[in-house]
Amino acid sequence: MSKVFSAHAVSVDGYISGRDPSDPSGGFGRGLGDAPMLFDWYRDGDTPSRAFDNFRLSEPSARIFDALAGRVGAVVAGRTTYEHSSHWGGDGPHPTARLFVLSHRPAPEMTERQTLITTGIADAIAAAREAAGDKDVGLMGGGVVTEALRAGLVDELILHQVPILLGGGRPFFQELPEHVELRLIEAVPAPGVTHLRYEVVR
Ligand SMILES: NC(=O)c1ccc[n+]([C@@H]2O[C@H](COP(=O)([O-])OP(=O)(O)OC[C@H]3O[C@@H](n4cnc5c(N)ncnc54)[C@H](OP(=O)(O)O)[C@@H]3O)[C@@H](O)[C@H]2O)c1
């Protein structure tokens, strides 16, 4: 069965966006508010990504990043991530994966390449699994990841941990009703980022 995972660039104090992330105009990383440096490692290297045009990473980061990108067959993104990413211009965050956006509200601007789900995280992940086929489902947004953890639907958490304390912003993890045990599968230090891959123990 395909896996459900999330991979986020996160500060050491646990934020996936900085302050005031509501204005995504101004280009790559601006949807992160005052913390565009969370994405610097996507562009600071010499190794072109095989999955994403214009990404040039360090060699270890390219290896990790492209392996993850290759796993993704569909994406479930939270409404806030979708808004802060300027709706990905009517497309999605991944070159080939189908996008599902989780929200409680209508989204009349959506294109035929995007699907709105308003009936909850389990339905969103089920629809994404079907679209993904043999591939995996990627989750985007702290709220969505937390909802999926609450529902016991997450297999892996990947933190691309950037060495900065942002001091505020949008947290990766929100309140959970109980502990979630993790097992570290891989830790790869790279220039400007450490890649931490955890399995959710169930
Ligand atoms: N650093 C990174 O790698 C990275 C990656 C992805 C995103 N981000 C950033 O993360 C931020 C967004 O994360 P976030 O945690 O604030 O929000 P989010 O998870 O993207 O979206 C939260 C929204 O999703 C909808 N939602 C969540 N659970 C739902 C449910 N069970 N049923 C229906 N709708 C549900 C709700 O939308 P409604 O209010 O419409 O109902 C909720 O307000 C953005 O700033 C984005 O740029 C960073």
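Reader: What is the strand order in the open sheet?

Author: Eight strands line up as S7-S6-S5-S8-S1-S9-S12-S11, with mixed pairing. Here a strand is a DSSP run of E at least two residues long, a helix is a run of H or I with at least four, and both are numbered from the N terminus. Two strands count as paired if DSSP finds at least two bridges between them. Bear in mind that this is a predicted model: local features need pLDDT of at least 70 and side-chain atom pairs count only at pLDDT 80 or more, while totals for chains, interfaces and linings use all residues. Residues are numbered from 1 along each chain as its sequence is written, and side-chain values use heavy atoms, leaving out hydrogens and water.

Reader: Why is one side of strand S7 and of strand S11 left without a neighbour in the sheet?

Author: S7 (114–117) and S11 (182–190) stand at the edges, and each has a single partner strand, so one side of each has no neighbour there. From one strand to the next, the twist averages 20°. That angle is between axes, which are lines fitted to C-alpha atoms (for helices, over the stretch in contact), and it can run from 0 to 180 degrees between N-to-C directions.

Reader: How do you know that S1 and S9 pair?

Author: The rule asks for at least two bridges, and seven join S1 (residues 4–11) to S9 (residues 156–162), so they pair. The two run parallel, and Ala7 has Ile158 in S9 as its bridge partner. S5 passes on both sides: five bridges join S5 to S8 and five join S5 to S6, parallel in each case. Ala77 is partnered with Met140 in S8, while Ala74 stands opposite Arg98 in S6.

Reader: What makes S5 mostly covered?

Author: Seven of its seven residues are buried. Buried means under 20% relative accessible area, exposed means over 50%, and partly exposed is in between (1.4 Å probe, protein chains only). Across the protein, 48% of the 202 residues count as buried.

Reader: Which strands does helix H4 lie across?

Author: H4 (residues 142–150) lies across S1, S5, S6, S8, S9 and S12, at about 125° to S8. Its buried residues include Val144, Val145 and Leu149. Just after H4, Gly152 takes a positive phi of about 70°. Helix H1 (residues 59–71) lies across S1, S5, S8, S9, S11 and S12, running at about 135° to S11.

Reader: Why is His160 called buried?

Author: The relative accessible area of His160 is 2%, and the cut-off is under 20%, so His160 is buried. His160 is found in strand S9.

Definitions and conventions
Contact = heavy atoms within 4.5 Å.
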